[in-house]
Amino acid sequence: MSEARIQRRIEERIVVAVDASPHSLAALRAAAQFAALIQVELYALFVEDSDLLRVSTLPFWQEIGSFSATARQLDRQSIERTLRARANKVQQVLAQLADQMQVQWSFQVMRGGVTDELLTAAENAMLFSMGRASRVSNRALGSTTAFIIKQSARPVLILDDKGQIRHPLTLLYTGTESAERAFQLAIRLAHRDHNDLHILLWVHEAQTNAAKESLSKRLTEQNIRPHFTWVENFTSPQLAVRRFRYDTLILPVEQLDLLAELKGPMLLVP
Amino acid sequence: MPSLKPLSPAALFKRTTLDGLQFNTTAELAEIEEFIGQDRAIQAVEFGIGIERQGYNLFALGPAGTGKRSLVRRYVEQRAATEPPPSDWCYVNNFERPYIPNALRLPPGMGKQLSNDVQHLVDDLRTSLSTAFESEEYQTRRQNLEMEFQERQQESLKDLQEKAKEKGLALLRTPAGLAFAPLKDGNVVAPEEFEKLPLEEQERIKTEVEGLQTQLQRALYQMPRWEREWRSRMRDLNLEVSGFVLTNLVDDLFQKYADFPAVVAFLQALQKDVSENLADFLGTNEKPENEDATTLPDGSPSSPTLRRYEVNVLVDSSNLQGAPVIYESNPSYLNLVGRVEQMAEMGALTTDFTLIKPGVLHRANGGYLILDALKVLNNPYAWEGLKRALQFRQIRIESPVQMLNLTVTISLEPEPIPLDVKVVLMGDAQLYYLLAAADPEFNELFKVAADFSDEMERTPETESLYAQLLATIAHREALQPFDKSAVARVIEQSARLAQDAERLTARLQTIVDLMEEANYWAEQAKAEIVRAQHVQQAIDAQIYRSDRLNERMREEILRNTILIDTEGEHIGQINALSVIQLGNVMFGHPTRITATVHMGEGDVVNIEREVELSGPLHSKGVLILASYLGAQYAIDEPLSLSASLVFEQSYGGIDGDSASSTELYALLSAIAEAPLKQSLAVTGSVNQYGQVQAIGGVNEKIEGFFDLCKARGLTGDQGVLIPAANVKHLMLRQDVVEAAAARKFSIYPIETIEQGIEVLTGLPAGTRGKNGKYPKGTINQRVEARLRTFARKSAAAGKKGAKETA
């Protein structure tokens with residue numbers, strides 16, 4: 001496959017990591033919304049952890065329940081059965097969603113190291129979507145998710161179990177290179193959307209007007225109506241987000257820390 | 001020839017001259033209070049509304065059209081204007097027991113104020129709480145707590161991960177939990193490799209794994225406890241932040257309403273409830289972290305959850321200048337005591353204290369409530385509801401179903417509101433006496449009866465007053481001025497409506513109607529002043545509009561379908577006069593009565609009674625006849641007579657005793673075999689002594705016979721015998737008066753049967769001489785002789801019968 005074809009294929013699909021957890025199913029729904037919006041393929045990847053399968057045949061091997069804290073024996077067959085059931089469930093949800101939203105879709109189950117497989121998949125997508133953590137009760141960013149965000153060269157969409165995409169989208173613009181890329185992506189998504197875009201402008205005071213002017217001009221050319229908010233008017237971007245109830249946030253990856261403080265869908269752009 | 005003279009034309013109609021009142025038209029007359037001739041009722045109303053004791057409610061009784069409502073309203077409003085406006089009443093949520101909303105009593109106008117204050121408080125709370133929870137201080141502290149919790153969670157696992165790593169083990173995520181696995185060169189050891197390890201090493205790994213598993217279990221056990229602890233600390237933080245906001249905002253209200261303990265208690269309960277339900281005030285993004293697991297709805301302005309902080313102002317007296325006076329035209333149970341409405345929500349009916357709606361008892365509380373008694377009684381449960389409220393002096397809002405204990409469904413039971421109201425019921429006398437007799441509670445609750453008269457005395461003074469009243473009505477109803485003749489004609493008609501030349505009707509509505517109609521005819525004639533002819537035209541038109549049945553019946557007499565003679569003589573046959581009333585229309589109608597006699601045992605057979613067409617009063621009248629005959633003629637001998645009396649061509653029931661004298665004349669004629677003049681008609685009741693007594697509807701009866709005679713042609717012999725006691729009631733039509741003046745029609749005032757029989761037969765009645773006997777040829781002599789003949793024959797027949805039996 002030529003480089004150009006590979007690149008085109010990358011640009012024409014959204015990959016979503018699924019493990020049947022509520023967070024990952026929310027990520028699947030959000031990815032399907034975006035895929036329908038910009039008319040690209042939705043590719044869902046279910047990774048069976050090869051380490052897990054390998055050790056499951058050890059004689060003393062036991063699983064400690066994360067909620068009940070009880071120990072129970074697990075054999076390889078039961079793990080495989082559980083993983084198969086989850087993959088089936090995900091596939092059903094995916095098929096249903098894709099049918100509702102008229103999206104082209106594919107589903108793949110892979111066996112290997114979870115982080116490696118997901119990172120590889122993320123690199124082959126225009127946008128990678130995944131859950132905030134694999135456990136519902138976990139408010140913190142999961143270790144795998146944090147790793148992917150840091151390592152991926154592609155935008156990563158993060159959702160918790162209650163998250164869903166709401167319009168218009170909000171862009172946190174800081175003037176950095178990744179913020180510029182985030183702006184480009186925001187244009188692409190807003191252009192196909194309701195032609196409205198909220199912009200939280202967070203640049204040096206001296207650059208505010210220039211940035212606003214420049215962004216306005218570029219957005220107007222794309223027939224997108226910008227709505228600006230100055231972060232400086234608030235103590236922090238998270239307060240501005242809360243005040244205006246901005247829900248779906250596109251932000252440069254260096255603002256990763258906001259993930260810990262805000263909820264709702266976030267699209268981190270490297 | 002009879003010695004009794006017919007009445008003079010002046011006695012047939014009492015004219016109104018208004019000599020004492022100088023005016024040309026009503027425009028010149030001063031207006032007066034419309035309530036004349038109702039002194040008794042006015043005094044009762046004044047007393048009833050003045051006395052402030054339990055049970056002293058009023059019942060204004062009297063016929064329709066006597067101005068009860070206007071009078072009651074006028075006096076009640078005058079009194080109410082001098083009284084202070086009543087308290088405001090509000091319902092607020094009972095935060096402890098929401099199904100029993102609390103009632104708050106506040107000075108006039110303060111209910112609305114409290115409602116606005118609380119509404120502003122809730123609005124301010126929404127803003128202030130949002131601001132507080134968005135503040136950097138709160139966010140920082142919340143974040144710290146959250147981080148602390150997360151770190152504690154992560155640390156415990158990280159610690160285990162470190163320990164595992166030191167021992168050559170890895171912590172793996174499994175489908176439903178965590179597990180340890182041995183590592184080699186950073187990778188998980190495959191089972192076949194593990195088996196290649198020395199047994200001691202395998203055993204060591206196994207022991208290490210078991211140890212770490214125990215530690216992991218311990219760490220996981222801790223997590224829910226940490227989470228609880230974290231939630232508790234978050235709750236404390238939220239209370240601290242919200243408490244500050246709440247105290248700041250509510251303090252002002254505490255000070256403002258410090259004099260009202262119930263309001264203070266409500267504000268305290270509200271404050272507590274707000275602090276326990278912060279999520280209702282905050283948007284999704286702003287909810288404090290510990291609320292986010294709950295399913296409470298978003299606190300938008302229209303959020304139903306915030307309705308519980310509203311103040312439902314049931315009674316707002318802010319715009320009242322005095323005590324309220326309420327007239328309710330539809331006094332249904334719910335309109336009286338109020339109701340708890342329901343609304344459909346997700347397919348189910350729900351309610352809360354904001355849906356409590358006031359009844360008229362609430363609105364009239366502290367004032368006066370005027371109701372139509374019949375309407376109250378016609379509305380199911382309304383009477384019971386009204387009585388209960390008055391008895392217990394409180395308004396308890398219950399649905400009829402609740403009141404009858406027919407349901408156990410959970411609903412609201414609003415706290416009852418103390419009731420202090422004066423109720424004025426209006427109805428006719430019959431209804432009043434029925435309630436007084438049938439409902440013992442009625443007498444306890446409606447102790448004052450304002451008895452409205454339907455007539456007043458007719459004197460020159462009252463006529464003058466009446467004229468001024470008519471002027472007032474003309475002005476109020478924007479009628480053209482009535483000249484003196486028109487006013488006089490209206491007053492004369494008023495007397496006619498009162499059925500008494502010495503009385504005037506107090507049913508003013510009828511007079512208003514007449515004046516309006518006269519005004520119409522004047523307008524039709526393009527006259528700027530209403531004159532007597534227009535009033536007469538209105539009266540004639542009224543009669544014509546309702547006279548169809550009367551005319552029809554007269555036609556049937558003229559066509560001899562109904563047999564009534566108006567000339568000639570007949571034995572035992574006489575013209576009686578009856579009155580037919582259909583709605584508001586009354587007309588006189590002649591009826592033939594016949595009597596036959598034969599030997600018998602002293603009984604007078606009332607044929608109508610035998611076929612059950614006779615009412616009790618008529619039967620009584622006929623029984624009196626037998627007594628009269630016995631007392632008059634058969635003192636020393638048994639009354640050996642049987643007589644039959646019939647109302648000919650009568651196919652409906654007959655009642656009243658106004659034909660009893662007529663029947664007696666027919667009977668005497670039959671016994672004495674003396675013919676009666678058919679040119680005369682008779683009305684009047686009679687007592688055992690032969691005295692003729694007054695009857696009702698005398699004018700209509702005379703006019704009824706006059707119309708028939710007139711249709712056949714007045715002969716000069718025709719006329720009517722009326723009780724002398726009825727002369728004062730005569731207000732006859734002008735054409736009757738004119739015929740009497742021309743001696744073409746005569747009205748005879750009769751005091752005794754003797755007078756009447758003389759007029760009817762042209763024979764003297766006769767009085768007993770010193771020998772105890774009636775003079776020969778007199779009616780009485782002929783009657784007595786015939787009765788003695790019957791007695792002798794009867795006695796002879798009795799002896800013969802006895803011998804035959806022996």
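**Exercise 1.** Identify the element that gives the largest share of the lining of the second largest pocket, and describe that pocket.

*Solution.* Step 1. Helix α24(B) gives the largest share of this lining, with six residues. Helices (H or I, at least four residues) and strands (E, at least two) are DSSP runs, numbered from the N terminus. The structure is a predicted model, in which local features need pLDDT of at least 70 and side-chain atom pairs count only at pLDDT 80 or more, while totals for chains, interfaces and linings use all residues; side-chain values use heavy atoms, without hydrogens and water. Residues are numbered from 1 along each chain as its sequence is written, and chains are lettered from A and ligands numbered from 1 in the order in which they are written.

Step 2. The volume of the second largest pocket is about 1,400 Å³. Of the 44 residues in its lining, B:Gln493, B:Leu497, B:Asn584, B:Val585 and B:Met586 are the closest to the centre. In chain B, two or more lining residues come from each of α17 (484-497), α18 (508-524), α19 (532-545), α20 (548-558), β22 (585-599), α24 (698-712) and α25 (734-741). On a 1 Å grid over the protein atoms alone, a pocket is an open set of points with protein on both sides within 12 Å along at least five of seven lines, a cavity is a set where a 1.4 Å probe fits but cannot get out, and lining residues have an atom within 4 Å of a point. Points are joined across faces, edges and corners, and a volume is the space filled by probe spheres set on them.

Step 3. Sorted by class, the lining has twelve nonpolar, 16 polar and 16 charged residues. Here Ala, Val, Leu, Ile, Met, Phe, Trp, Tyr, Cys and Pro count as nonpolar, Asp, Glu, Lys and Arg as charged, and the others, Gly among them, as polar.

**Exercise 2.** Determine the span of α24(B) and how many of its residues are buried.

*Solution.* Step 1. The 15 residues of α24(B) reach 22 Å from the first C-alpha to the last, close to the 21 Å expected at 1.5 Å a residue. The expected span is 1.5 Å times one less than the number of residues.

Step 2. Twelve of the 15 residues are buried, and the helix is mostly covered. Buried means under 20% relative accessible area, exposed over 50%, and partly exposed in between (1.4 Å probe, protein chains only). Among the buried residues are B:Val698, B:Ile702, B:Phe705, B:Phe706 and B:Cys709.

Step 3. After α24(B) comes B:Gly713, with a positive phi near 105°.

**Exercise 3.** Explain why α16(B) is described as largely enclosed, and name what its buried residues pack against.

*Solution.* Step 1. Helix α16 (residues 460-476) of chain B has 17 residues and a C-alpha span of 24 Å from first to last, close to the expected 24 Å.

Step 2. Helix α16(B) is largely enclosed by the rest of the structure because twelve of its 17 residues are buried. These include B:Ser464, B:Ala467, B:Leu470 and B:Ile473.

Step 3. The buried residues pack against β18 (455-457), α17, β19 (503-505) and α18 of chain B. B:Ala478 follows the helix and has a positive phi near 55°.

**Exercise 4.** Is B:Leu21 buried or exposed, and which residues does B:Leu21 touch?

*Solution.* Step 1. B:Leu21 lies in the loop between α1 (9-12) and α2 (39-50) of chain B. With a relative accessible area of 14%, B:Leu21 is buried.

Step 2. Not counting residues up to four places away in sequence, B:Leu21 touches B:Leu29, B:Ser464, B:Ala467 and B:Lys484. Contact means heavy atoms within 4.5 Å.

Step 3. B:Leu21 and B:Glu461 are 440 residues apart in sequence, and their C-alpha atoms are 9.2 Å apart in space.

**Exercise 5.** Describe the lining of the largest cavity.

*Solution.* Step 1. The count comes to four cavities of 30 Å³ or more, and the volume of the largest cavity is about 70 Å³.

Step 2. The lining of the largest cavity is formed by B:Leu145, B:Glu148, B:Phe149, B:Arg152, B:Trp226, B:Glu229, B:Trp230 and B:Arg233. At least two of the lining residues come from each of α5 (136-166) and α7 (199-256) of chain B.

Step 3. By class, this lining has four nonpolar, no polar and four charged residues.
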